[in-house]
Amino acid sequence: MNRKKSGDDENLDETAGAGPGSVDAEDFESVAVAHGNYLERGGAERVSDELARLFDAPLYYGFGDPDYLPTDVETTSLFNDSPVSFLKRNVLTRDLYYAWAAQRLPELTEYDTLVLSKNELSWYVPEDEQTLVHYIHSTPRTPYDLFQQRAESPITRLYSFLARTVFLPNTNYPDRFVANSELVARRVQRYWGVPEKKVSVVYPPVPVEEYGPREQADYYLTYSRLIPEKRIGAIVDAFSELDARLVVGGAGRERDDLESRAPENVNLVGYMNESEKKRRLGEAKALVFNAMNEDFGMIPVEAFASGTPVLGVAEGYTKYQVRDGENGYTHNPDPASIRESLARFEQEGVAWSPAQIEAYAQRYSAAAFREGMREAVLRARKDSQIRVPDVEAKRIFHSRTEESDGHK
């Protein structure tokens, strides 16, 4: 396990910040990664796994389920042995526990550099000379960017107000914020008041090399967790008036409702393993994506890496991923607008070839993520160094200058 360096080892950091090309193993000798929860597998968990691999660092997390933990890195739970671990079952009580318990985590003070992923552990109070980097998947959604859509009840408004008021003073501890998209960088600056100069953008790692085009089949594809925020129902309703076929992949609480309203040309296939997902992405005519105000969205990137166009909703970061007429088309989230997007795609196709769409996905590769994170951490370490002026040297210099002037 990598711990704080001492003595002469600290001199190894003197060249940090010279750029990715100068990075040696010693530059990241004392780094740890800390993630909020491992209670599911999603994009945020994949990012934390990759961060631990990148820096060859131990991975700490709050509550977790062993089924969701990576097996190739050292992992340590901060709270699972707690007598109050039952709190993890409820989101509200879990968040309240983090607000109290995450402030003091002596285990994390042992490292020169700490990389946080997600927001749960943002309550952690770092020591003076510890470098803190926070990878932001998004500012909390309900109190901020989705407040107007979600805060209908007094309870939700009160929760949002308290979250903004109590959490805000803790957000300025990091030496550098790394946002997963330009949209999230905007949220960090607007809602948390973080100066632009302290924010980098590094896209999440997508294993784009594992995807690729297949022989095209005669259907469209959509997949995600089947929850209201993904708005799969609007896609299903759009196909109810079309001859085209739609395959819906994914599991979730809306499954029964979607099956009850799906016409004969819509097929719900449930959870897709990696092999099936990659096959269907490579052979589908296009991916239809309708998620609400996505902060990044890995699913469209996986489609692009497969050489497959995306018909995506014109909101959130999706509208910046889709280049209208080139690698797909955008639409509003309602069924009528989705049908218009489908009709345009059927009539005009897209300008880019599958190979060009594949090449576009390279900006989201794991290699690009690793390079960006190395640079961000080195920059944070350089910026966090305490520089004490050599007052004695300045006094001697000025004294000699005055003596020289007196002899002229």
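The buried residues of helix α1 are covered by, among others, strands β1 (31-35), β2 (59-61), β4 (113-117) and β5 (131-136), plus helix α13. Contact here is heavy atoms within 4.5 Å, and helices (H or I, at least four residues) and strands (E, at least two) are DSSP runs numbered from the N terminus. Keep in mind that this is a predicted model, where local features need pLDDT of at least 70 and side-chain atom pairs count only at pLDDT 80 or more, while totals for chains, interfaces and linings use all residues. Residues are numbered from 1 along each chain as its sequence is written, and side-chain values use heavy atoms, leaving out hydrogens and water.

So how much of α1 is tucked away? Nine of its twelve residues are buried, where buried means under 20% relative accessible area, exposed over 50% and partly exposed in between (1.4 Å probe, protein chains only). The buried set is Ala44, Glu45, Val47, Ser48, Asp49, Glu50, Leu51, Ala52 and Leu54. From first C-alpha to last, α1 reaches 16 Å, close to the 16 Å expected at 1.5 Å a residue; the expected span is 1.5 Å times one less than the number of residues. After the helix comes Asp56, with a positive phi near 50°.

Now for two helix pairs. Axes are lines fitted to C-alpha atoms over the stretch in contact, and angles run from 0 to 180 degrees between N-to-C directions.

| Helix pair | Angle | Axis separation |
|---|---|---|
| α1 (43-54) and α13 (366-384) | about 65° | 11 Å |
| α6 (232-239) and α11 (335-348) | about 60° | 8 Å |

That angle makes α1 roughly perpendicular to α13, whereas α6 and α11 are oblique to each other. The cut-offs: under 35 degrees is roughly parallel, over 145 roughly antiparallel, 65 to 115 roughly perpendicular, and the rest oblique.

By class, that's five nonpolar, no polar and three charged residues. Ala, Val, Leu, Ile, Met, Phe, Trp, Tyr, Cys and Pro count as nonpolar, Asp, Glu, Lys and Arg as charged, and the others, Gly among them, as polar.

In the second pair, Ala234, Ile235, Asp237, Ala238 and Phe239 of α6 touch Pro335, Ile338, Arg339 and Leu342 of α11. This contact has seven nonpolar, no polar and two charged residues.

Elsewhere, Val194 sits in the loop between α5 (182-192) and β7 (199-201). Val194 is buried, at 3% relative accessible area.
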